[in-house]
Amino acid sequence: MSELNTIALKILEKGKGILAADESTGTMTKRLEDVNVPSTPDNRLLFRETLFSASCMSECIGGVILYDETIKQESSKKDKIPKLILEMGSLPGIKVDTGAKILAGSTNEKITEGLDGLRERLKEYYKLGAKFTKWRGVYNISENYPSKLSIQSNAHALARYSALVQENNMVPIVEPEVLMDGEHSAKDCFEKTSEVIKKCFEELILHKVDLKGIILKPNMILAGNKSKDKISNKEVAELTLKCLKNSVPTEVPGIAFLSGGQSEIESTENLNLISKINDTNFIISYSYGRALQQSALKFWSKDIRNIEGTQKVFNHRAKMNTLAAQGNWSKDLEI
Ligand code: 5MM
């Protein structure tokens with residue numbers, strides 16, 4: 001077993017998932033301002049350290065995706081954040097893309113940037129303790145989108161990123177996110193997501209990426225948030241699994257979904273249903289940002305010194321998702 005495959009399996013072992021705490025400062029500022037907390041480096045750190053020192057870190061959270069600011073910050077005990085995460089029994093990871101910018105040659109579509117100087121930045125992150133990395137490509141669905149140009153160019157960037165990350169002995173999380181925004185049907189989402197994922201793997205293979213040493217972070221197959229086409233959670237699970245079976249090579253060890261704007265309960269319920277019908281060798285789990293942090297953030301904002309209370313809320317959400325990753329969640333476990 002390769003070293004990268006061992007890391008990928010460790011992150012997702014026993015129903016563990018990933019905490020996506022890699023919001024850039026702009027996004028984190030929006031999240032904090034939404035709950036009336038000033039977005040200062042200290043407040044961003046305080047909220048994140050509160051999560052990273054919660055007890056669920058050892059049994060539920062196999063990895064934490066950090067942002068550049070956080071990986072360089074020190075905990076209240078004066079330890080670097082990656083050390084705290086390791087001591088809590090989880091693995092530190094880092095978002096290495098520099099964000100999605102307007103794609104030249106298209107309108108309203110984006111290309112994720114960050115390849116320039118990436119090899120040097122990866123060496124630095126590795127020294128800081130990162131064991132894995134993340135890069136997110138975003139695609140929107142409408143009549144003409146995602147365009148071939150967007151599908152091709154984002155897949156190319158994801159593959160070049162992945163090859164560089166593996167060269168530096170870390171596991172790349174490959175995140176092609178087909179957004180939920182829009183009027184499209186679940187069928188459209190199925191077709192576009194399948195096309196996007198297939199193209200990503202075509203490029204990953206071309207760039208000689210070891211598929212056993214990656215984790216795929218896709219969206220679930222959902223109808224657009226403004227669509228008239230409503231489908232059941234059972235249909236979401238069936239379509240999602242069908243899409244993955246058709247488009248992901250069997251060598252890939254694990255698939256950790258993003259929540260993409262679904263509510264906490266919805267993303268847990270859908271994950272549970274997918275895990276229940278999973279008849280593949282892929283480990284199925286979660287890599288949630290909003291769906292793991294929303295309630296905890298709301299609770300914390302009422303009293304940012306209430307560490308224990310905030311951790312209780314976060315522990316519960318992490319536990320529910322870890323049960324769901326094993327198909328063992330049910331609604332009556334929610335409080
Ligand atoms: C945590 O949010 C990440 C994006 O942050 P920026 O937009 O500030 O760069 C994002 O990549 C996240 O990791 C994934 O989209 C999954 O998050 P959700 O909230 O969709 O589960």
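**Cavity, pocket, cores and local backbone features**

The largest cavity is lined by 13 residues, and those lying nearest its centre are Val 178, Met 180, Asn 219, Met 220 and Leu 222. The structure described here is a predicted model, and within it one cavity of 30 Å³ or more is found. The space in the largest cavity comes to about 80 Å³, and its lining divides by class into seven nonpolar residues, five polar residues and one charged residue. Rolling a probe the size of a water molecule over the atoms shows where empty space of this kind is left.

The largest pocket has a volume of about 970 Å³. Its lining is made up of 40 residues, with Thr 27, Arg 31, Arg 136, Val 138 and Glu 177 lying nearest the centre of the pocket. Divided by class, the lining of the largest pocket holds 16 charged, 13 polar and 11 nonpolar residues. Several elements take part in this lining, and at least two residues each are supplied by α2 (25-34), β5 (110-112), α7 (118-127), β6 (132-139), β7 and β10 (283-288). Of the contributions to the lining of the largest pocket, that of β6 is the most, with four residues.

Strand β7, which spans residues 171-178, also contains Glu 175. The relative accessible area of Glu 175 is 2%, and this residue is therefore classed as buried, the cut-off for that class being under 20%. A polar contact of 3.1 Å links the side chain of Glu 175 to the side chain of Lys 134. When residues up to four places away in sequence are not counted, Glu 175 touches Lys 134, Trp 135, Arg 136 and Gly 137, and also Leu 158, Lys 217 and Leu 258.

In soluble globular proteins, nonpolar side chains tend to be buried together. The largest nonpolar core in the model comprises 85 residues, among which Phe 52 and Ile 61 touch the most other members. Helix α8, covering residues 148-167, gives the most to this core, with eight residues. For Ile 61, with neighbours within four places in sequence left aside, the residues in contact are Lys 16, Gly 17, Leu 19, Cys 56, Ser 90, Tyr 286, Leu 292, Phe 314 and Ala 318.

Most residues other than glycine have a negative phi, and most peptide bonds are trans. In the model, Tyr 145 and Pro 146 are joined by a cis peptide bond, for which omega is about -5°, and Pro 146 is placed in the loop between β6 and α8. A positive phi of about 60° is found at Asn 36, which is not a glycine, and this residue lies in the loop between α2 and α3 (41-52). Asn 36 is classed as exposed because its relative accessible area is 71%, where the class requires a value over 50%. Lys 78, likewise a residue other than glycine, has a positive phi near 70°, and its position is in the loop between α5 (68-71) and α6 (81-87). With a relative accessible area of 62%, Lys 78 is also exposed.

Key: Residues numbered from 1 in each chain as written. Heavy atoms only, no water. Buried < 20%, exposed > 50% of the residue type's maximum accessible area, 1.4 Å probe, protein only. Polar contact = N/O pair within 3.5 Å; in protein donor to acceptor, adjacent residues only side chain to side chain. Contact = heavy atoms within 4.5 Å. 1 Å grid on protein atoms, 1.4 Å probe; cavity = no way out; pocket = protein on both sides within 12 Å on 5 of 7 lines; lining within 4 Å. Points joined across faces, edges and corners; volume = space filled by probe spheres on them. Nonpolar A, V, L, I, M, F, W, Y, C, P; charged D, E, K, R; others polar. Core = buried A, V, L, I, M, F, W, Y, C linked by side-chain atoms within 4.5 Å.
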